[in-house]
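The note takes up the aromatic rings and then turns to the overall fold and surface.

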Amino acid sequence: MNDQTSGQHGPRRGRAGRTAPALDDIDARIVDELVRDGRMSIRTLAERVNISRSNAHSRVDRLLDSGVITGFHARVEPTRAGLGTAALIGLSIEQDSWREVTRRLAEVDSVEHVALVAGEFDIVVRVRAEDNMSLRNLVFDHIQSLPGVRTCHTWLIFHEFEPEHR
């Protein structure tokens, strides 16, 4: 995550409008290290952050308990997992239907990310499918036909990448 105000990566202190308590420098460094490699041992983490193992362990537990860290995940290469087609879908919806539409989108296996947005569309969805035919079926049968969806615009993703600092 890039903090525009400091030019640094990861969670930082002192951002305007922040509602949660700021992380201290050690917690921020722990989060940065775990974002880079969530499988590292507590011992390795403690060495990289220059704190004791017991301190690292208690800080990670606290970050988990407080919801700063929400889990640890495997990064999957989608094409090698048989999901060669990705798309962004912009949805315009009936204004009182956003809760139901987002709930139903969350139930669709191919949906990776849902965001309520301001602008031309109300919701932007990132999906993955096996191929273009599967994407077509996903859009027509499972997304565009949801109650409350007024319009649907699909952008095929040709290439995507994670920034190096992640």
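1. Rings of Phe, Tyr and Trp (for Trp, its six-membered ring) are taken as a pair if their centres lie within 6.5 Å. In this predicted model, the structure holds 1 aromatic pair.

2. The partners are phenylalanine 121 and tryptophan 155, with 5.5 Å from centre to centre and 90 degrees between the planes. The arrangement counts as edge-to-face because the angle between the planes is over 60 degrees.

3. Which parts of the chain does the pair link? Phenylalanine 121 lies in the loop between β4 (111-116) and β5 (123-129), whereas tryptophan 155 belongs to strand β6 (residues 149-157). The two residues are 34 residues apart, and the pair thus links distant parts of the chain.

4. Is phenylalanine 121 buried or exposed? Its relative accessibility is 12%, so phenylalanine 121 counts as buried, the cut-off being under 20%. Tryptophan 155, with a relative accessible area of 37%, is partly exposed.

5. As to the fold, the protein has 5 helices and 6 strands. Read from the N terminus, the order of the elements is β-β-α-α-α-β-α-β-β-α-β.

6. Among contacts in the protein with a separation of 6 or more, 56% are between residues 24 or more positions apart.

7. The protein comprises 166 residues, of which 31% count as buried. Its accessible surface comes to about 11,200 Å², and carbon and sulfur atoms account for 49% of that surface.

Technical notes
Residues are numbered from 1 along each chain as its sequence is written. This is a predicted model: local features need pLDDT of at least 70, side-chain atom pairs count only at pLDDT 80 or more; totals for chains, interfaces and linings use all residues. Side-chain values use heavy atoms; hydrogens and water are left out. Helices (H or I, at least four residues) and strands (E, at least two) are DSSP runs, numbered from the N terminus. Buried means under 20% relative accessible area, exposed over 50%, partly exposed in between (1.4 Å probe, protein chains only). Contact means heavy atoms within 4.5 Å. Accessible areas come from the Shrake-Rupley method with a 1.4 Å probe; for residues, only the protein chains shown count as cover. Rings of Phe, Tyr and Trp (its six-membered ring) pair if their centres lie within 6.5 Å; planes under 30 degrees apart count as stacked, over 60 as edge-to-face and the rest as tilted.
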